[in-house]
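Please read it alongside the sequence and the model.

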Amino acid sequence: MSFLQSSDQENPAVRFSLLSRLCDYLALNDLPSQSDLIFVLAGRPERKAYGLQLFQEGIAPRIILSVGRFEVRRMDTFGFQDLNMREMVKHMFPADRHFFIEVSNNSRTAVPAGIKRVGTFGELSALASYLDGQKIQTLTVISTSVHLRRVRLCCRKIRALGRLEIAFVPVPETLSSFQRDRWWKRLDHWSYVGSELMKLLAYHFRFRDR
């Protein structure tokens, strides 16, 4: 081992710099911009809160919230009790309990997403099917920062989404439950980053021929 290698291993600043770069690699940081539609991926509730905030600010005339089976009850806190999703799920198989809530200036609807494959790729494939035939050219996609590189990979592999101009916008640090600053100090953040790295690698191999 060289002196330089030994020094790097003993220098905490070097280790922390490498850990920061790991997080920076996974994260995408597009800025919100005017688009035809906002799509918010299922998962952490702050994604919904931020997507709705951008919608209310007028960056898009429509927003679609992807709501997983374990999020249905939470949607009451966002004011969607009138869509009766809790009643709908009573008559559905667990695997089918994933919804798209679409909001525009004139309407609010909740429909089964029709997801055929569990995971981010399946969720985005269902979005592509949902948008089939619609005149969408620009799309804003909202998720947690370190999830977005995998989201972008999926969009590039799904033909109907690959033709769109997409902004991959992370939930701001002030709202996010995942904090990029010194993320390595939290065990749950280690789990999240490690999971994203493994899934990203798996997606590269699984969809390499698309």
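Arg159 belongs to helix 7 (residues 159–162); helices (H or I, at least four residues) and strands (E, at least two) are DSSP runs numbered from the N terminus. Arg159 is exposed because its relative accessibility is 78%; exposed means over 50% relative accessible area, buried under 20%, and partly exposed in between, with a 1.4 Å probe and protein chains only. Between Arg159 and Arg186 there are 27 residues of sequence separation and 37 Å of space, C-alpha to C-alpha.

The model is predicted: local features need pLDDT of at least 70 and side-chain atom pairs count only at pLDDT 80 or more, while totals for chains, interfaces and linings use all residues. Residues are numbered from 1 along each chain as its sequence is written, and side-chain values use heavy atoms, with hydrogens and water left out.

**Overall composition**

- The protein chain contains 8 helices and 6 strands, which follow one another along the sequence as α-α-β-α-β-α-β-β-α-β-α-α-β-α.
- Along the principal axes, the C-alpha atoms of the protein chain occupy a box of roughly 65 × 40 × 35 Å.
- The protein chain has 210 residues, of which 44% count as buried.
- Of the contacts in the protein chain with a separation of 6 or more, 73% come from residues 24 or more positions apart; a contact means heavy atoms within 4.5 Å.

- An open sheet of mixed pairing is built from 6 strands in the order 4-3-2-1-5-6; two strands pair if DSSP finds at least two bridges between them.
- Strand 4 (108–112) and strand 6 (165–170) are the edge strands, each with a single partner strand, so one side of each has no neighbour in the sheet.
- From one strand to the next, the twist averages 20°; axes are lines fitted to C-alpha atoms, for helices over the stretch in contact, and angles run from 0 to 180 degrees between N-to-C directions.
- Strand 1 (residues 37–40) is parallel to strand 2 (residues 62–67), with 3 bridges between them; Ile38 has Ile63 of strand 2 as its bridge partner.
- Strand 1 also pairs with strand 5 in the parallel sense, over 4 bridges, and Phe39 is placed opposite Val141 of strand 5.
- In a regular strand, side chains alternate between the two faces of the sheet.
- Strand 1 is covered on both faces, with Leu37 and Phe39 buried on one side and Ile38 and Val40 buried on the other.

**Helices against the sheet**

- Strand 1, helix 3 and strand 2 form a β-α-β unit that is right-handed; with the strands pointing away from the viewer, the path from the first strand over the helix to the second runs clockwise in a right-handed crossover.
- Helix 6 (residues 148–157) lies across strand 5 and strand 6, at about 165° to strand 6.

**Salt bridges**

- The whole structure holds 8 salt bridges, each defined by a side-chain nitrogen of Lys or Arg within 4 Å of a carboxyl oxygen of Asp or Glu.
- One of them joins the side chains of Asp24 and Arg180 at 2.5 Å, N to O.
- Asp24 is in helix 2 (residues 12–26) and Arg180 in the loop between strand 6 and helix 8 (187–206), so this pair ties together parts 156 residues apart in sequence.
- Asp24 counts as partly exposed because its relative accessibility is 43%.
- Glu102 and Arg62 form a further salt bridge, with 2.7 Å between the closest N and O atoms.
- That pair links strand 3, which holds Glu102, to strand 2, which holds Arg62, 40 residues apart; both Glu102 and Arg62 are buried.
- Arg86 and Asp76 form a salt bridge whose closest N and O atoms are 3.1 Å apart.
- Arg86 lies in helix 4 (residues 85–89) and Asp76 in the loop between strand 2 and helix 4, 10 residues apart.
- Arg86 is partly exposed, with a relative accessible area of 38%.

**Nonpolar cores**

- The largest nonpolar core comprises 39 residues, and Leu124, Leu127 and Leu161 have the most contacts inside it; such a core is a set of buried Ala, Val, Leu, Ile, Met, Phe, Trp, Tyr and Cys residues joined through side-chain atoms within 4.5 Å.
- Two or more residues of this core come from each of helix 2, strand 1, helix 5 (120–130), strand 5, helix 6, strand 6 and helix 8.
- Apart from neighbours within four places in sequence, Leu127 contacts Phe39, Ile64, Phe100, Leu139 and Leu161.
- A second, separate core has 26 residues, among them Leu54, Leu65, Val67 and Val103.
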